[in-house]
Amino acid sequence: MAKYYFVTTLLPPLKIGTPPEIDSAELDFILKQNLTKCDYQKVIVLRRLVEIENIRYFWQGAPIEAGGNFDEKEVEENLLHHEAYPSYVFQFMEKYEDTKERLKHFPELLKDFFRYELKGKDGFVKEYLQFEWEWRLVFVALRAKNLGRSLASELQEEDPEDPFVQQILEQKDAETYIPPAKFAELKEIYEAKKSNPLDLALTLSQWRFDRIEDMVGWHTFDVYRVLGYVIQHKIVEKWLKLDKKKGLEIIEQVLA
């Protein structure tokens, strides 16, 4: 595993609620100049979740977010010419040719992202993507129980043979959903903040930021720290843009 003593000292500290000292473009320049080709490819994979969300923004006619791999013009050209994105994006587009249908069925594309991007991954990339997929499912289950929705219906696109999905479906007839111990705090957050989408989105941001820090752990000077910084930087940037409307949108995106 490559060591990045110089890179990690270049990255200024991040804190929720405080604007980063470097923006996404400056961060990308540092990473391109200093990471190995293999490690920079990991950055591209991690940013792909932002790209998937930006595809939806593009179809909605809304501004895309910083922190992805492409700017707005590149997003448009990539979708038009069927290039630069993984094949599952274009398979989704072929399945749903109408923009309204693509937006309606967008949760399928998010599920495809996690299904395909987790394959063959290891290290921080796998750990993070697994975490991101799992906490979203837990959140969906908590929200479904709160609103009286069917867990089987909410998770119909997921693999019922997957152990994590199974432990959720096993509680489909229970009055409340009890998540695995590692997500107990997420349930507490949801129960305390569910009536205020903005507070919920803000608290989720801090919780995710802290969990990423836990993943990085003692990896102070290697790629774990760099990749963790990429994710945390995006969380900090997004937190600063949150308002009541955006908070509700984020909650709905998680549930998609």
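With a relative accessibility of 41%, E72 counts as partly exposed, a class that lies between buried (under 20% relative accessible area) and exposed (over 50%), as judged with a 1.4 Å probe and protein chains only. The model is a predicted one, in which local features need pLDDT of at least 70 and side-chain atom pairs count only at pLDDT 80 or more, whereas totals for chains, interfaces and linings use all residues. Residues are numbered from 1 along each chain as its sequence is written, and side-chain values use heavy atoms, with hydrogens and water left out.

E72 is found in helix α4, which covers residues 72-81; helices here are DSSP runs of H or I with at least four residues, numbered from the N terminus. Together with D71, E74, E76, E77 and E83, E72 forms a negative surface patch. Such a patch is made of residues with over 30% relative accessible area and no salt bridge, like charges being joined within 9 Å, and Asp and Glu count as negative.

The structure holds 19 salt bridges, each defined as a side-chain nitrogen of Lys or Arg within 4 Å of a carboxyl oxygen of Asp or Glu. In one of them, K32 pairs with D28, the closest N and O atoms being 3.5 Å apart. K32 and D28 are four residues apart in helix α2 (residues 24-34), and therefore about one helical turn separates them. K32 counts as exposed because its relative accessibility is 52%, while D28, at 15%, counts as buried.

A salt bridge also joins the side chains of K42 and D39, at 3.2 Å from N to O. Both residues lie in helix α3 (residues 37-60), where K42 and D39 are three residues apart, about one turn of the helix. An α-helix has 3.6 residues a turn, so residues three or four places apart point the same way. K42 is partly exposed at 25% relative accessibility, whereas D39 is buried, with a relative accessible area of 7%.

In the salt bridge between K194 and E191, the closest N and O atoms are 3.1 Å apart; K194 is partly exposed at 35%, and E191 is partly exposed at 41%. A network of salt bridges links E53, E65, E132, R136, R208, K234 and K238.

R208 is also among the buried residues of α12, which include L198, W207 and F209. Helix α12 has 20 residues (197-216) and should span 28 Å at 1.5 Å a residue, which agrees with the 29 Å between its end C-alpha atoms; the expected span is 1.5 Å times one less than the number of residues. Just after α12, G217 takes a positive phi of about 55 degrees.

How values were computed
Patches are made of residues with over 30% relative accessible area and no salt bridge: like charges are joined within 9 Å, nonpolar side chains (Val, Leu, Ile, Met, Phe, Trp, Tyr) within 5 Å. Accessible areas come from the Shrake-Rupley method with a 1.4 Å probe; for residues, only the protein chains shown count as cover. The place of a charge is taken as NZ of Lys, CZ of Arg, CG of Asp or CD of Glu. Helices (H or I, at least four residues) and strands (E, at least two) are DSSP runs, numbered from the N terminus.
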